[in-house]
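Welcome, and please take a moment with the sequence and the model below. The notes that follow walk through a few places to look.

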Amino acid sequence: MVIMDINERKQLADLLFPNIKHNRDYYEQKYPERKLKDGAMVTRYGPSPTGSVHLGNLFSAFCDMVYAKQSDGKFILRIEDTDQKRAVADGIDNITGVLKGFNILPNEGYTYGGEYGPYLQSERTEIYQTYVKDLIVQGYAYPCFMTEEEIASIKEEQEINKTKIGIYGYYAVDRDLSLEEVKEKLNNKEEYVIRLKSPGNAKKEIEIIDAIKGKMKFPEYDMDMVLLKKDGTPTYHLAHVIDDHLMHTTHVIRGDEWVSSLPLHIQLFEILGFNRPQYAHIAPITIKDSETGTIRKISKRKDLWAGAKYYEEVGIPIEALHLYLATIANTNFEEWYLNNQNKKIEDFEFSFNKQAIGGTSFDEAKLNNICKTYFSRKSGEEVYNETLKYTEKFDKEYHKLLIENKEKMIKFLNIEKDGDRPRKDISKYSDVKEEFSYALDELFIQENYQKYDGDKIYDINLVTDYIENYLNLDLNNETWFSEIKEFAVKNGYASSPKEYKNNKESFKGHVGDICEALRVIITGRTKSPDLFSIMKILGKETIINRINLYKKYINNC
RNA sequence: GGUCUGUUGGUGAAGUGGCUUAACACACCACCCUCUCAAGGUGGCAUUCACGGGUUCGAACCCCGUACAGACUACCA
């Protein structure tokens, strides 16, 4: 075995990369240190355009944004598209579109521009190769001609021997090929990858401090990992190290599926002579599988809510989703927000040591509750306007009705909004149509008492008498209620449920029963927001029409 | 098989050796308020922090072992 000397390595490097013009100093100068204030974090989100975006991606990008923003740093969007095989048409547009749609806005990167581009890894091949060329000269990388079959049989052997799987030490057969041998293989047009010639010793231990997970110990990395693939494009590992160095990332926030490759990344930073960023590995969003009972990562296929599109389609407000992401990002956010109801997410100081270490389970009920609270704090007009944006895209018919009935709808949406106990009955934009189906005649006629789930038939004469002869829509709520009590008493009903309960034989029922009849006839359901408010908005004429509608309904029964 | 990381009520979780008779929120249940619902109020819901050992005057918190779960172990990211 002959180990190449420096001159041979230089020859090899030129042989392998004849077209690389620049040396690494060129890039080091091209991408100088950023001029940011002390403590500013430079974060980056690096999606690969392989399909639809899911909640976990959104969460990761959200964290990047929040930490950069609060420290007056930079949040970079870098597209990690080095694997052409996995690329999906429109993948990139989809990602940028979804991020924008969810109001997660990078301040530098692909489509956002900046001084540290290109931000598409597929356009950075020359940069990666420049550094790899240098690594070959340094003796830290070499061409490996092993075929897929050879590697597979090594893996098989390692499985049988129960040793560590991979290409390292004894198994790295092309590690110390002589220059002549390499030339010969090259002449034979043998295909090759460039592998790291790892200087690590697995018997030694390294310690790494992760901003979220804390102290972690690993054996030193000793595998000859692929740096450049057969087609000359980099693997994730190489691209990560070079990009984050050149873009001056200060904090690598990424999913914790990467912690296992941390020793590799650390080693790459070392042999390349780069300062390394801080790492913050975030826990994946998990779910307890209802079938198996086990905890697993969320899955776009199995979990409806896992896909980013779901939130848009169903009408979850972006801000509410941000609130939810913030509560899973920092464990103390929820309580803070409860105590600081009028503050915004931006006012909260996120910190890595308040970030969950284990998997964070998705809690749909909690999201729902956050949404309800969100809606309850919005005025009727705000809810109207936001709903309009939603229906424009997802419910054209209803959208038209909303526009035609703006004033009226806002009034409905404002029912029981004032005071410190606003209604909490809407959790998403699509609920508006559902919850206020009685508001508009067009919808009500369609629905026509189908929602009524009881089997009572209400006294039409009593209701008609009340509406025609007693109802005064100019009153306020309290006087209205005392009047309907009087009406109840006049007709042999008790004025309160309590009174009725104590003396059932003397009454036909109580005010509540009359209200129930009114409610069902007017709204088609046994539950509704404040009845008098609804009647006021609807007006006497509409109410009378509904009584007639109810008559028809009864006759058909 | 190997490496790494986790394991606190129905759920999300707080907790970094004495302030913990385990916070808070969601869910659930009961009662109250009440014309229905939503909301609100009051109370209930882990005698115990996966299990077994150890260190300590003292442990959910530190150490060791076991079990279980998750991630990685690709020329994918």
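Which of the 66 residues around RNA strand B come nearest? They are Glu80, Lys230, Thr331, Gly358 and Arg421, where a residue is near a strand if its C-beta atom, placed from the backbone, lies within 6 Å of it. This is a predicted model, in which local features need pLDDT of at least 70 and side-chain atom pairs count only at pLDDT 80 or more, while totals for chains, interfaces and linings use all residues. Residues are numbered from 1 along each chain as its sequence is written, and chains are lettered from A and ligands numbered from 1 in the order in which they are written.

**Around the RNA**

- The surface near RNA strand B has 20 nonpolar, 19 polar and 27 charged residues; here Ala, Val, Leu, Ile, Met, Phe, Trp, Tyr, Cys and Pro count as nonpolar, Asp, Glu, Lys and Arg as charged, and the others, Gly among them, as polar.
- Several elements each supply at least two residues of this surface, including α6 (148-161), β7 (214-219), α13 (364-376) and α22 (511-523). Helices (H or I, at least four residues) and strands (E, at least two) are DSSP runs, numbered from the N terminus.

**The nonpolar cores**

- The largest nonpolar core has 91 residues, and Leu58, Phe62 and Leu325 have the most contacts inside it. A nonpolar core is a set of buried Ala, Val, Leu, Ile, Met, Phe, Trp, Tyr and Cys residues joined through C-beta atoms within 7 Å.
- Helix α3 (residues 55-70) gives this core its largest share, ten residues.
- Leaving aside residues up to four places away in sequence, Leu58 touches Val53, Phe102, Ile104, Ala308 and Leu325; two residues are in contact if their C-beta atoms, placed from the backbone, lie within 7 Å.
- Another core, of 31 residues, lies apart from it, and among its members are Leu177, Ile194, Tyr221 and Ile242.

**Strands and sheets**

- Three strands in the order β1-β2-β3 form an open sheet with parallel pairing; two strands pair if DSSP finds at least two bridges between them.
- The edges of that sheet are β1 (42-45) and β3, each of which pairs on one side only.
- Helix α3 packs on the sheet and touches β1 and β2, its direction making about 160 degrees with that of β1. Axes are lines fitted to C-alpha atoms, for helices over the stretch in contact, and angles run from 0 to 180 degrees between N-to-C directions.
- A second open sheet has the order β4-β5-β8, with antiparallel pairing.
- β4 (141-144) and β8 (226-228) each have a single partner strand, so one side of each is left without a neighbour in the sheet.
- In this sheet the twist averages 45 degrees from one strand to the next.
- Four bridges link β4 to strand β5 (residues 193-196), with Pro143 standing opposite Ile194.
- Strand β9 (residues 251-255) is largely enclosed by the rest of the structure, because four of its five residues are buried. A residue is buried if 20 or more other C-beta atoms lie within 10 Å of its own, exposed if 12 or fewer, and partly exposed in between, with C-beta atoms placed from the backbone.
- Five bridges join β9 to the parallel strand β10 (residues 278-282), where Tyr279 is the bridge partner of Val252.

**Backbone details in loops**

- Gly117 and Pro118 are joined by a cis peptide bond, with omega about 0 degrees; Pro118 sits in the loop between β3 (108-109) and α5 (125-138).
- Asp90, in the loop between β2 (74-77) and α4 (91-101), has a positive phi near 70 degrees. Asp90 counts as exposed because it has 10 C-beta neighbours inside 10 Å.
- Asn103, in the loop between α4 and β3, has a positive phi near 60 degrees.
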